[in-house]
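Have the sequence and the 3D view to hand.

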Amino acid sequence: MLEVKNLHVYYGGIHALQGISFSVAEGQVVTLLGANGAGKTTTLRAIMGLVRPQEGSISLNGVSLIGKRPYEIVRMGVSMAPEGRRIFPDLTVLENLLLGAYARTDTVKVQRDLEFVFSLFPRLRERQYQRGGTLSGGEQQMLAVGRALMAGPKLLLLDEPSLGLAPVLITEMYRAFARLKEEGRTILLVEQNARAALSLADYGYVLDTGRIVAQGPTPELRESDLVRQAYLGV
Amino acid sequence: MATYLQQLLNGVTLGSLYALIAIGYTMVYGILRLINFAHGDIFMWAGYWVFFLVILFRLPWWLSAVCTVAIVALMGVAIERLAYRPLREAPRISLLITAIGVSFLLENLIIVLPWAGGRQKPYPTPSLMTQIYTAGSVRIQGVTIWVPLIAAACLLGLIFLVYKTKVGRAMRAIATDIETTALMGADINRVISYTFLVGSALAAVGGILWGCRYPRLQWDLGIMPGWRAFTAAVIGGIGNIVGAMLGGFLLGLAEILIVAFFPKLSGFRDAFIFAILIFFLLFRPTGILGKTMKEKV
């Protein structure tokens, strides 16, 4: 579904991505692992059209995303729950979710997706008329993921969904992701929390300072020395 | 008693005019962190458009007013498109200086335009506005009734637009986080254009009604009302739409009450207004309803 080939991104003077290639097949959950500054977020931002790559290609089902503006990419079927949640604090939970469906006109389907998000995160239903800024960190993360789902994406990008959350909330979050996976959704998951990500994903890539240094099906990755030492701490 | 009531109505009239103009300042500031210096001149142009359409094209007044709102709204959109959008990524000071440039351009265009420049022009005021209504000992001019009513209708319409529609939701979202609003599938440029459209349309309504109240047209007529409306936006909390309305009414009332009850001080009305502005900027820069805004990177 998603094909990234030889992607180069310079950020200011920094060569943030140095020719990375990877792909996500339909119905697959793929994770990009790596330390801070490895280029994970930059990769997602390049896919969403928020940064312009200097070289390389990104395509969704064969259609190039290079040079497209973010809103066009959302309309083509990619949505993202960004790093740091970035919910709209002054808008209510419901308004945040409806904004996620901004580009859609089919109100019946939007309503159905809203019900789905509420069933996935019942706490959002309880708090739907509260302002987003009043939610706890975990609830804000649920809102960010729910909002991304409201776009009705073919491909869902999740950027560090476990960042700053208590372990019990991480478990809850990943339970919701597991449900999305069961439904056959296609997800590209960026994480520093390798343990959580590897428990969910089918396939993984390890990024280090802008390069892919390891890849493979998750059972294999979990056993590899590199991942064990650097990311699982065993 | 009658004097009080009359002055109160005058204050409400002036306040509703300030409120209409203040909205445009506050909405644009909320999104672009730009004090749109051209906004007062947009307001001034509205008066001239009514003059052009009524005197030169001999259109009926109400039709001229409607056309003026449309034309001025599009002027606002065009200014953003041509002057501000190319500088979206530029340092904010460039944007600010450009806004000052656009302001001078709009003022000087009026000075050099053959049918507009030179001497003051009379504003065509419809009889509805000059008519005197008497209720007991209170004599009220049409403007004092119609201006607040029309302004209130526009402001209610705005509140509906901003709080109950999809594009309004995007306008509020974009004011906190442009990039994330783009991630929602909203075309940022379009939402910003809508913002200028709405802000300029309200300034146009303000300009049309201002002419009915003060029926003289001159190139600089937008400057002082513009600054006062800007002050109103700061008082209410810049970036906050309801705050701008509140600030407008408060300022209008304060101004009229000072003039009415301390007539000796009326020459100092602008000094008084700018003292309020400085006071707020020093002690409560976020205004009455505003809250601390994060600096955008």
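## The chains in outline

First things first: this is a predicted model. Chain A has 10 helices and 10 strands. Its C-alpha trace spans about 45 × 40 × 35 Å along the principal axes. A compact globule of 234 residues would have a radius of gyration near 17 Å, and chain A has 17 Å, so the two agree. As for burial, 44% of the 234 residues in chain A are buried. Take the contacts in chain A between residues at least 6 apart in sequence, and 65% of them join residues at least 24 apart.

Chain B comes to 12 helices and 4 strands. The globule rule gives 19 Å for its 297 residues, and the radius of gyration of chain B is 19 Å, so chain B is as compact as a globular protein of that length. Its C-alpha atoms fill a box of roughly 60 × 45 × 35 Å, again taken along the principal axes. Here 46% of the 297 residues are buried. Of the contacts in chain B between residues at least 6 apart in sequence, 75% join residues at least 24 apart.

## The sheet in chain A

Now for the sheet: 6 strands of chain A line up in the order S6-S7-S8-S3-S9-S10, forming an open sheet with mixed pairing. Strands S6 (78-81) and S10 (211-217) of chain A sit at the edges with a single partner strand each, so one side of each has no neighbour in the sheet. From one strand to the next, the twist averages 15°.

Zoom in on one pair. S3 (residues 29-34) and S8 (residues 186-191) of chain A run in the parallel sense and share 5 bridges. Which residue in S8(A) is the bridge partner of A:Val30? That would be A:Leu188.

## Helices against the sheet

Helix H1 (residues 40-47) of chain A packs on this sheet, where it touches S3, S6, S7 (155-159), S8 and S9 (203-208) of chain A. The direction of H1 makes about 145° with that of S7(A).

Then there's helix H6 (residues 137-149) of chain A, which lies across S6 and S7 of chain A. H6 runs at about 175° to S6(A).

## Two domains in chain A

Where they meet, 15 residues of domain 1 of chain A are in contact with 11 residues of domain 2 of chain A.

Which elements each supply at least two residues of the domain 1 side of chain A that touches domain 2? They are H2, S7 and helix H7 (167-182) of chain A. H7(A) gives the most to that side, with 4 residues. By class, this side of domain 1 of chain A has 10 nonpolar, 2 polar and 3 charged residues.

## Where chain A meets chain B

Finally, the contact between chains: 20 residues of chain A are in contact with 15 residues of chain B. On the side of chain A that touches chain B, the elements giving two or more residues are helix H2 (70-75) and helix H3 (93-100) of chain A. That side of chain A divides into 15 nonpolar, 1 polar and 4 charged residues.

Key
Residues numbered from 1 in each chain as written. Chains lettered and ligands numbered in written order. Predicted model: local features only at pLDDT ≥ 70, side-chain atom pairs only at ≥ 80, totals over all residues. Rg over C-alpha atoms; globule rule 2.2 N^0.38 Å. Buried ≥ 20, exposed ≤ 12 C-beta atoms within 10 Å, placed from the backbone. Contact = placed C-beta atoms within 7 Å. Pairing = 2+ DSSP bridges. Axes fitted to C-alpha atoms, helices over the stretch in contact; angles between N-to-C directions. Nonpolar A, V, L, I, M, F, W, Y, C, P; charged D, E, K, R; others polar.
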